[in-house]
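Subject: Structure handover

Hello,

Please find the structure below. My notes on the interface, pockets and cavities follow it.

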Amino acid sequence: MKDLTSGDVVVTGLGAVSCLGADVDAFWSGLRAADSRPEPPPGLAELVPGALSYRVADGVTETDRYGRATAFALHAARQAVADAALTGEEIADMAVVIGTAAGETSEREAARDGGGLDAWAPVFRVSSAVGGELGSFGSNISVSNACAASGYALTLAIDLVRRGEAQTVLVGGADAVATVPLAAFSRLGASDPVRCRPFDAGRRGTVFGEGAAMLVVRSAEAAAGRPVYGRLLGTALSCDAHHPTAPDPTGDQLVRVAREALREAGQEPADIDVVIPHGTGTDRNDAVEAQVLGEVFGERLSGVPLFSLKAFIGHTAGSAAAFSTVCAALMARHGEMPANIALERQDPDCPVWLPQTGPTPLTRTNVLLNAYAFGGNNFSLVFGGERR
Amino acid sequence: MTARDRVAEAVVTGVGTVAAPAGTPLDEPWFDYRARLGPRGYRYLPDACQYLLAAAKGALVRSGEDLTGSTDPAEDSTAPLVGFAEERRAAVIGTNSAVAALHADIAETVRAGEINRLSPMLTPFFSVNLVASRLSTEHRLKGFNTTVTSPRVAGLEALHVAACELTAGRSDVALAGVTEAFDPGHGTAAAEAGAVVLMLRPPADAVRPGSALLRTSLRFVPPAALAREAGRRRADREVREALEALVGLGPAPERVRLVTDGSAVAAAVGATVQDWSTGRVLLSVETPGARAGALAPMELVARDLRAGAAGAHLVVAVAGEGNVAFASVGPCRTA
């Protein structure tokens with residue numbers, strides 16, 4: 001591993017709970033198995049005809065005290081903190097920054113329906129609940145930039161460390177499949193009735209997943225002597241300022257956000273070994289993202305492997321970018337990119353390389369990952385992996 | 001890391017507000033978007049989005065003028081942004097309840113088996129960040145657009161995040177603030193409706209006289225920590241450090257306003273703030289009852305900015321979930 005230098009922001013702990021299982025090992029095993037399929041969500045499929053989701057199995061997390069999204073977040077947060085081997089004092093000093101698109105919307109509506117809302121119940125209390133349960137006194141920020149929420153959270157976490165507001169940040173995202181977003185996507189014609197199949201010619205929309213992904217990120221000084229998964233080399237944000245739900249067809253701000261992340265990372269497109277795209281399975285997103293990657297990578301695009309994560313776990317909304325970052329860290333740890341779930345027929349308008357026949361060995365793991373959201377809220381990050 | 005590292009700074013060059021007239025029932029229509037925004041293009045926006053756009057327009061119209069409003073504002077709300085490249089303009093908006101009513105409507109419609117009756121115009125706003133994102137479309141804010149949502153402090157949280165990101169160089173100008181709309185699930189808490197937006201610049205930038213300097217800090221008190229002596233001591237220390245850091249960077253505040261929610265965390269933080277203030281600064285406890293949103297502390301910040309006092313004014317907001325946010329406004333060093 002290269003020596004850490006002042007200004008580095010490194011990842012020292014990971015946590016995840018998803019449809020693939022209750023922890024990071026199950027997540028990686030599920031990616032390698034590549035056999036996940038969505039199912040009708042219990043209690044929701046009756047209300048939203050044809051709805052599918054990649055759901056976390058019942059009983060994986062305790063949901064007595066909190067709603068599902070918060071329970072997922074706590075579960076993954078405890079894993080990440082344990083993985084980073086933080087001391088009690090470090091946990092007490094830690095900042096917490098968590099992205100969530102819907103928070104506890106579902107539980108709130110259920111409570112209201114049952115007449116049980118005497119006290120106001122804040123929907124977006126995921127980050128507060130995690131900070132409270134872990135006993136962390138550091139800055140606590142809740143970010144709700146829809147499907148890029150945890151990407152925005154990652155950017156804030158990096159900036160908190162760089163400016164010295166925190167030495168250690170628990171950062172990530174959490175969301176649960178819920179009535180409101182599921183119904184809204186269905187009404188907008190953005191749900192696929194088969195499975196989440198980004199870049200496939202037959203794709204018809206996305207399919208929601210759920211869960212939480214968490215990372216412990218630290219300053220070089222705080223992480224000295226600790227094992228690290230890699231560095232958060234560069235990150236960038238942009239906004240289309242174009243349309244509520246559709247990406248700007250020019251892709252200008254998507255190109256800019258990728259290039260700015262690369263510039264902040266001190267990397268060239270030729271330095272990138274893997275791309276984890278936003279890749280939702282919606283018609284326009286995938287086409288515009290392929291076009292954008294073509295502009296960023298030029299002729300080299302056909303030689304850069306893409307890992308289409310949402311085909312495995314669905315669109316996990318506010319936690320999507322954190323899942324991508326955990327995935328990048330695991331690729332670095334294992335020295336390989338798992339095979340993609342096979343496409344039926346790749347969209348010719350999306351000329352990206354999606355290896356599907358076996359794992360791709362990686363001798364170096366510089367990963368560009370993207371997350372885009374409704375509202376044209378865009379995020380890119382360059383992760384520089386280390387063999388842990 | 002020092003307590004001062006946890007203070008963010010920005011220059012306030014404009015402030016805009018939307019508030020319901022006193023005594024207005026918030027669950028009834030009270031805001032005339034046509035009068036504040038114009039006749040076309042705003043009808044199918046959620047209330048919170050209309051409030052936000054109008055408050056932002058107010059902040060921009062007043063930008064560069066005396067924040068107390070003693071000079072005539074510019075007519076053109078786009079003019080203050082002309083000097084900034086679109087990709088260097090940003091927005092950071094806090095909210096708790098901007099789309100709570102829409103969520104309730106969607107859930108009720110779906111439960112009634114009428115999903116096809118959901119409005120294609122309004123339904124996308126189920127995603128709370130679309131409220132702030134509309135601000136980007138309106139003013140070509142392409143730098144970034146961030147929505148923050150911590151209970152009861154999201155407005156001050158937005159100011160802190162905006163100040164941090166301006167300092168980090170991620171934009172040259174930011175519209176930052178809060179918007180809330182009537183939450184039908186407000187329960188025993190008082191519902192909120194309205195918006196406050198500040199136009200912010202990096203602290204190092206030269207500014208016109210009449211601007212104000214904003215300082216913010218975020219703290220967190222884990223509620224369960226208050227059950228232990230060590231936790232209570234730590235909570236007390238955190239609050240005192242934040243107050244000292246804010247005061248240490250500028251003139252002593254003339255007044256501290258505390259926005260609480262009646263929780264155990266608020267009681268603990270309030271006790272520390274009161275003890276720290278005694279003999280030093282006037283303390284007032286504002287809105288002691290719980291409120292269903294993050295608007296109240298931002299309304300106090302806006303009031304302090306418009307009062308244009310010679311000294312700094314400090315607002316402290318506390319949520320039972322543990323979030324504590326501090327914001328002080330005072331004269332600019334360059335003024």
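Let me start where the two chains meet. Across the interface of chain B and chain A, 29 residue pairs are in polar contact, with both partners at pLDDT 80 or more. That threshold matters here, as this is a predicted model.

On the chain B side, these elements each give two or more residues to the face that touches chain A: strand E1 (7-19), H3, helix H4 (129-139), strand E3 (144-148), helix H5 (154-167), strand E6 (212-220) and helix H6 (229-248). H3(B) gives the most, with 7 residues. By class, this side of chain B has 32 nonpolar, 24 polar and 16 charged residues.

In total, 72 residues of chain B are in contact with 68 residues of chain A. The size of an interface is often given as the accessible area lost when the parts come together. For chain B and chain A, the buried area is about 5600 Å². Carbon and sulfur atoms carry 58% of it.

There are also 5 salt bridges between chain B and chain A. One pairs the side chains of Asp159(A) and Arg170(B), at 2.7 Å from N to O.

Now the pockets.

Largest pocket
- Volume: about 610 Å³.
- Lining: 30 residues. Nearest the centre are Pro46(B), Asp47(B), Ala101(B), Asp105(B) and Leu122(B).
- Elements: helix H2 (47-62) and helix H3 (100-111) of chain B each supply at least two lining residues. H3(B) has the largest share, 5 residues.
- Classes: 19 nonpolar, 5 polar and 6 charged.

Second largest pocket
- Volume: about 470 Å³.
- Lining: 28 residues. Thr245(A), Ala246(A), Pro247(A), Thr282(A) and Phe374(A) lie nearest the centre.
- Elements: helix H10 (283-297) and strand E12 (366-373) of chain A give two or more residues each. H10(A) gives the most, with 3 residues.
- Classes: 11 nonpolar, 13 polar and 4 charged.

The largest pocket has 19 nonpolar residues in its lining. The second largest pocket has 11 nonpolar residues and 13 polar ones.

Last, the cavities. How many cavities of 30 Å³ or more does a search of the whole structure find? The search finds 7. The largest cavity has a volume of about 200 Å³.

This cavity is lined by 20 residues. Ala101(A), Pro181(A), Phe208(A), Ala317(A) and Phe126(B) lie nearest its centre. The residues named there come from chain A and chain B. Helix H7 (179-187) and strand E6 (208-209) of chain A each supply at least two lining residues. H7(A) has the largest share, 4 residues. The lining divides into 15 nonpolar, 4 polar and 1 charged.

Best regards

Methods
Residues are numbered from 1 along each chain as its sequence is written. Chains are lettered from A and ligands numbered from 1 in the order in which they are written. This is a predicted model: local features need pLDDT of at least 70, side-chain atom pairs count only at pLDDT 80 or more; totals for chains, interfaces and linings use all residues. Side-chain values use heavy atoms; hydrogens and water are left out. On a 1 Å grid over the protein atoms alone, a cavity is a set of points where a 1.4 Å probe fits but cannot get out, and a pocket is an open set with protein on both sides within 12 Å along at least five of seven lines; lining residues have an atom within 4 Å of a point. Grid points are joined across faces, edges and corners, and a volume is the space filled by probe spheres set on the points. Ala, Val, Leu, Ile, Met, Phe, Trp, Tyr, Cys and Pro count as nonpolar, Asp, Glu, Lys and Arg as charged, and the others, Gly among them, as polar. Contact means heavy atoms within 4.5 Å. Buried area is the accessible area (1.4 Å probe) that two parts lose on being put together, summed over both. A salt bridge is a side-chain nitrogen of Lys or Arg within 4 Å of a carboxyl oxygen of Asp or Glu. A polar contact is a pair of N or O atoms within 3.5 Å; within protein, one must be able to donate a hydrogen and the other to accept it, and residues adjacent in sequence count only if both atoms are side-chain atoms.
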